[in-house]
Amino acid sequence: MAGEGHPLLRGGRRERRYSHGFSPAQIQALAAICETLIPSLSLDSINPKLPPDDQALHSFYSASGSEPPLPDEVAELLTKRAQGQVVSMVSLVLKILSFRLGTLVLCWGSCLAPTWPFILSFSEMPVESRERVLMNWSRQTFVVPLRVVFVMIKLYCLFIFYTRTDENSSNPAWEAIGYQVDTREKPNKQERPLQRGLVETVHETDSSLIQSLTQKGLEVVQIPQHNTLRIKCDVVVIGSGCGGGVAAAVLARAGQKVVVLEKGNYFVPQDYSSLEGPSLDQLYESGALLSTVDGKIVVLAGSTVGGGSAVNWSACLRTPSHVLKEWSVDHKIRLFGTPDYESAMDAVCEKIGVTQKCEQEGFQNQILRKGCESLGLKVEDVARNSSEGHFCGSCCYGCRTGDKKGTDSTWLVEAVENRAVILTGCKAKELILENTQHGEKTKKCSGVIASSVLNKEIARELRIEAKVTIAACSAVSTPPLLISSGLRNPNIGRNLHLHPCAFAWGYFPENLTGIKGKVYEGGIITSLNKVVSETGAPVPAIIETPSLGPGLYSALCPWTSGGDMKERMRKYSRTAHLFTLVRDKGSGEVREEGKIVYNLSEYDMENMKIGLRQALRILIAAGAEEVGTHRSDGQRMKCKGTREEDIEEFLNGIAISGGPTSREELWNLYCCAHPMGSCRIGASERDGAVDESGESWEAKGLFVCDGSLMPTAIGLNPMITIQSTAYCIAKKIAESLSSKEENL
């Protein structure tokens, strides 16, 4: 595998200087924490039943988190990805721990010794004592910042340990935990379908950029006094995902000159390495480490050409009829009750090659199906935008076979065939808004100011002027752009829904359950179960299966000791996860870039609890040897020989805990991958950020075309809904532009 794939997606240690700014003393304290999280252990001290001559297991258990360069890598990633106040908090704690008296303050009696110097610094303490300290921090309800420091270092340390690779793109722990990177053969053709319309700013300079843009048929003018390039087009689309990709194709097909801005890079199947670490870093927002400000919910969002459609789990579910009725009747958005919307869903499904069945299900979906059938629960097949024979568990790192049909291989291909231009590595900074004296709207949008974010060789800003500007940056990025540009509608950035998810896990030893395979093999989502209450009443939640590579798996799992964590990871390949996804009525807000505020409502917490209990029942019924949740204390239950009343007692103890910053002793980490609603469509300016046509109530010529449009949460995977809504809005824009041209 060495050297396979795009350089940015390959493994291997990169020789470089670190820029984290931590002192040697702080790194020493950090190394001591990493060693505590991942201690060097002997096989027989953990599990005497393990074969003593297994070299892979021996190396795995003897490996330590303090081994260079892991502590420096943790510090580097932490300063790159974590929020500024969290980095400052970690830095302060590490500085205090580098002194003996500071260690006494934070570790209390655990650092005392019977002989001189009587007080030990954190790095001088025995691992067992440090382990007790970290567990105390994890349960800390008074000095909550200590818990936050523990959580952040634990998350980054374990993530890096299980995703780092050598020059052969291998990790020494993978063999021991039963993990293998996808090495299926890639397409022979070295195609880049978007090349004819592509301008990759990462490969340009200020001078070459002008030539590249001009060659694509764009009118480019230099404005030296402002160090700016002025680019003229008909439509500029900010974002290339499910909304932006569709809008670009529809408008380019209608004869409009379209420019698409994408801050991420462009990759094709030949580029994908299927390596978790570099793939998450390059293909996801904040390297897949974006979270709500309280750290409670990890938010997964695509950040590459194709957006979420390039890395999502392929589920293609049409908008439910009851949701369409709610939106069209209760929210008075007529579009969702029209034949046009139904036709749009048909067009979308045809375009992205949706199939209804899969020829072979993977490990986790087999378990979901078996457990449901044992309990008499209904299982529904999940349609996918790939062939029925697509047996791929690594599409979340980019589909290496090219079978999955994201916007990068469908809608955007059509767009460039119709003269659209795609600028990669280019981020929108500010919308160009002008005050107007006439008409109902107070402003007019005439384009966007953008800059290169991946290439320091390009110092010039890009002033892209257009008749129509479409913001399609995602529900977490579109609102901050609109607000920072001066729009004031109170709905912008609010009403954010996340489809929060809670995880249940079950361990299925090899050859004991009759279910073959590994957790990372097969289609990611091919079946789902709709949650019902104990009385059989429907609950607004579903149960599906996730994709969790070793890095995310270890980061999200509860840590109760170094030995327990290594045992969990040894069982990784046969530990199935199910998650319950809630159609949340509660909402949050995102008004500044990277700052997502969200609190679960009591209603949503109750539904999540019902769903989590049902997920555990399914795992038990499927034959799990042990089941549990991600609660911080490692909540779990052995299933073999357990009486029904004991199972009920365990399930009755399931609760939805607060996050790391709560003052609850026990806490949890949750996930989401479907942010939506933060610029919702409204029947009036009071009800939404945009009107039924997707146009801003404040600024003429500014449209929104992504998941932030949704009036409420949908309750299931939203790709088809987002693309269908974008299709309808883009068609109306095209008709409007055509009508204006005819009247000239």
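1. How far apart are the end C-alpha atoms of helix α11 (residues 242-253)? They are 17 Å apart. At 1.5 Å a residue, its 12 residues should span 16 Å, which agrees. The expected span is 1.5 Å times one less than the number of residues. Helices (H or I, at least four residues) and strands (E, at least two) are DSSP runs, numbered from the N terminus.

2. A note on the source: this is a predicted model, where local features need pLDDT of at least 70, side-chain atom pairs count only at pLDDT 80 or more, and totals for chains, interfaces and linings use all residues. Residues are numbered from 1 along each chain as its sequence is written, and side-chain values use heavy atoms, without hydrogens and water.

3. Just after α11, G255 takes a positive phi of about 95 degrees.

4. The largest nonpolar core has 248 residues. Such a core is a set of buried Ala, Val, Leu, Ile, Met, Phe, Trp, Tyr and Cys residues joined through side-chain atoms within 4.5 Å. Its largest share, 16 residues, comes from helix α8 (residues 144-163). L261 and I470 have the most contacts inside the core.

5. S485 sits in the loop between α17 (478-484) and β13 (501-507). S485 counts as buried, at 11% relative accessibility. Its side chain reaches the backbone oxygen of L481 at 2.7 Å. A polar atom of that side chain also lies 2.9 Å from the backbone nitrogen of L431.

Technical notes:
Buried means under 20% relative accessible area, exposed over 50%, partly exposed in between (1.4 Å probe, protein chains only). A polar contact is a pair of N or O atoms within 3.5 Å; within protein, one must be able to donate a hydrogen and the other to accept it, and residues adjacent in sequence count only if both atoms are side-chain atoms.
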